[in-house]
Structures are given as structure tokens and as C-alpha cells.
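Hi everyone, thanks for coming. Let's have a look at the model together and talk about how some of the side chains sit.

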Amino acid sequence: MQPLEEGQRFERYRIQRKLGSGISGDSYEAEDIRLQRKVTLKLIHPWLPLSDAARRQFFREMQDISTLTHPYLATLLDYGEVGGQIYVARRFVGPGSLLGSEGRRWFQPPLSVIDAIRLAHQLAQTLQYVHNSGFLHGSLTLANILALHGLDSQSQDHSAPLLLADIGIAHFVRRFGQPKMTLLPITAAPEQLGKRSTPASDQYALAVMLYFWLAGQLPFLGSPENIEQLKLTETIPPLTRHNARITAEQEAIIRRALSVYPEERHPSIIAFTDALLISLIEPAQEEILSKPLPLSTPPHEPVIETYQSAASPTPASPPSLNVEPETLPELHSHGEAGLPAPSSLNGLASEAKSHNHHAHAVTTPASTNSSINPACFIIASPYTTEFCKVAIEREETTLGRAGSSNILLDFDDQTSRHHALLKREGDHYVLYDKRSISGTFVNGQEITDEEGCVLEDGDVIKIGVYELVFHLQASA
């Protein structure tokens, strides 16, 4: 189909100007003649006809998406077909997207940590609502985030600055059409390289944009082939290299959202940004809580991971391990019933401060083997001046950098994703290396994955830069 010209009539719309082209089609500023209002009109896949099956699927999806209503969602106003050309019309926003001139001026990175997290949380609420309704965005980029006003707007400081647009449209074209641009956007998750998309794919895309807002540059640079390899190997420059105000804890939260495997990311997109809100240090917390909270927060699962602000974004001198386990704060594995759901962000922050994120357990407790004494690890690293005590509550406990690890050691490149495994075997705890890159050491001796090492009270385990002291505790 030929591009539409200024003044041209298309169904009930009169074209005013072309706004641009994207993965899914061409967008125009247009006037709805019938209702006397401006809209953004998008012609879907105008370069090649869609099959009858694809067109039927389009109408089914748009019928459902048109029922979505959320204060931070650019409403789908109309959809249809004219002369074989399918289209959608949505709310028009004058300033345009974050790629437009006003959007780039108002949201020029690097943003402050508070502003960046607040924007990410607003988008996460909208996307959580979309996910709860059974849909994906599937192609979250700066091009489909609309700027209503700047962060420093005085006249509209009680309204959200962003709107999310184009739910599912680019995702539809990739599944059923022949996109003009075969390359995926920089925000695409690794699984989308294989044409698989999940709600966790939107979480990954949001984490890429948050990294950009905080660092002032993207986490991946290079040719498409290089970027694909960087995503698959999780090769991401440290955020703290670009922004000294980022804590090591916040970096770990974002890195988890950028995990190569969807199941290793946060349980939901709202859990991702909730964790970031909790991570804010006290003055920042007060500032964010003093601003109006969102108009409506979609229902979501309570965040069962807990966090504490890191002492420093850069490694500190590791503390001495000459300390009794009873003097340390204890951290247990938690299932859905392990923590009560706080009633407010203040409650979340209060709950979070009682634990340490630098090594934490996130899985459901297993039944205790009555023939063996309970045990714990006391963990120290150069990334914190505090110790952390982690109770061993499972028959098998995994240690590593992967988000799914029972004990998460995620600030160190020397730690493998699946580094070591602790198993209860009869009356003993046995530690195995999981073919890690840097090895697992007990009292200075490297262990193997085949034989393992029976741990005794007071043994010192070295995993990357982390030191873990194993302690057997007296039976109750």
C-alpha cells in the first residue's frame, strides 16, 4: 500500500502527517472526523497482505486488547479493515514517544536513581496489568512509551509522566506477518531470538531500558551478532562503572532481570520493580513515598525475596570471620507463606531491612532430616562490611550466581551461575563443585563434583571472592 498523504481520507480518519514507521507498520497523526478528535492511526503490515488466518487472529486479539483499561495505558480506540488493509487507532499524545524530540529532552539519561526507578515502576504496573489480563507487550521499546510531560513539570506533577502504547501489535506481526525489519530491538530478551515470548520477556526489556536510564548507555553494544552473544552470555558492563550512585544491591536486582533464562528472572515484572523500591536508601525512600502513589496498582504476588541496602557500591575490605553464629541476623528460605504480605511500601521496606541481599535464600523450606543436626553458613565478601548467616533448610542447597540459586552469590564474576551444591547424605553435609569456572575450595583444597567433601563444623569454603564458614548447630 502506498503511504498516506496529508489531507487524504482513510475510512473515518483524515490524515494530518506521518509520524513514522516501525516493525508493525506506519503511524500517522489523524483526525477522527466522526468524533472530532485527534488519534494516532497505525496501518498494520502495509507492505504485504496478511493471510486470512492472520487477519482473523488480528481481529480476535484486538477485540480483547480493546477492553483493557488502565490509567497508564494508551487506550485502543478503534480497529478495522479498509480495502484489505488492517489498522488500529489509539489515543494521540502530542509530545510523542521517548524517541521524539520532546521525549529525548525530558528524559535524557542518565536520570537520577529515584526518577529512573519510579518510571520503571510505573511501566511495570501497567505491564503487570497486561500480563494479568492474559497478554504480552512483546516489543517494549522507547518507541512505544509515550511522554505526557517532563519529570520536572510543575503544572502536572500529580499525573504520571508516561503512557504505554501498542500492546501486542509488534508481537502479532512477528508471529503472523513478514516484518520489514527482521532484526529484533535491543530490548528483546534472549528467548525471543528463538521466537519465544513470555511475560518475563517484558521484564527483560524493562530492565534494558532501566539500565539505559541509569547508565546513559545501553548494556549491549556492537553488531547484531555481537549483541546476541552478549545477551546469551550475560556479558553486561557493571552499572556502577557508569553511575556511582547505584548500589551493588540495585545492580544485582537489575542483573537478575537480565538473566538469560526467563525462569531465573524475578517472579513477575512488578516483583522486579518492587525490589528496586525497597532497595532505596532511607532519604530516597522518604522522597518517593512523599509523592503520589499510582492511581491503581494491579494485583500481584507478594515479593518473597528480601533485600537490604548495600554498604557500598564498591568492594570493601572483607570483615574477619571470627564471630559466633548466634550474634548474626539469620536468613531462612521462604515460600509463599514464609513472609506476610506487607500492606504498604513502608511495610515492604521495613521487612526488607532485617535481611542481607548479598547472599540470600529464596526457596521453600524442605522437611528437616531428624538424624542430622541443623547447620548454617556465615558468609562474608568484600562487597559488604557485614556478615550474613544463612540457615540450611533443604536436603539440597544450590549456591551460585543464577537467580534460581538457593544461596545467591551474585556480585562476583568469578562465581559461576551454578557453582556448588550442598547435600544432606545420612549424618553428613557434603559439598560438591558443579564444574564451576573458578573452583570450590574447602580449607584451601579444591574439591570435585564427583567426590565432594564432607563438611565439618568450622570448615571455610571459598567460592570466588565469597568466604563461607560452615557451622553445625546443637539440636533443639
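**Aromatic pairs and a nonpolar core**

So, Tyr 13 has a relative accessibility of 1%, which means that it counts as buried (under 20% relative accessible area; exposed is over 50% and partly exposed is in between, with a 1.4 Å probe and protein chains only). Tyr 87 is buried too, at 4%.

Quick background: this is a predicted model, where local features need pLDDT of at least 70, side-chain atom pairs count only at pLDDT 80 or more, and totals for chains, interfaces and linings use all residues. Residues are numbered from 1 along each chain as its sequence is written, and side-chain values use heavy atoms, with hydrogens and water left out.

How many aromatic pairs does the structure hold? Seven. Rings of Phe, Tyr and Trp (its six-membered ring) pair if their centres lie within 6.5 Å; planes under 30 degrees apart are stacked, over 60 edge-to-face, and the rest tilted. The ring centres of Tyr 13 and Tyr 87 are 6.1 Å apart with planes at 75°, so this pair is edge-to-face. Phe 377 and Phe 470 are also an edge-to-face pair, with 5.9 Å between centres and 65° between planes. Phe 377 is buried at 1%, and Phe 470 at 0%.

Now the largest nonpolar core, which has 64 residues. Such a core is a set of buried Ala, Val, Leu, Ile, Met, Phe, Trp, Tyr and Cys residues joined through side-chain atoms within 4.5 Å. Leu 206, Leu 210, Trp 213, Ile 254 and Phe 272 touch the most other members.
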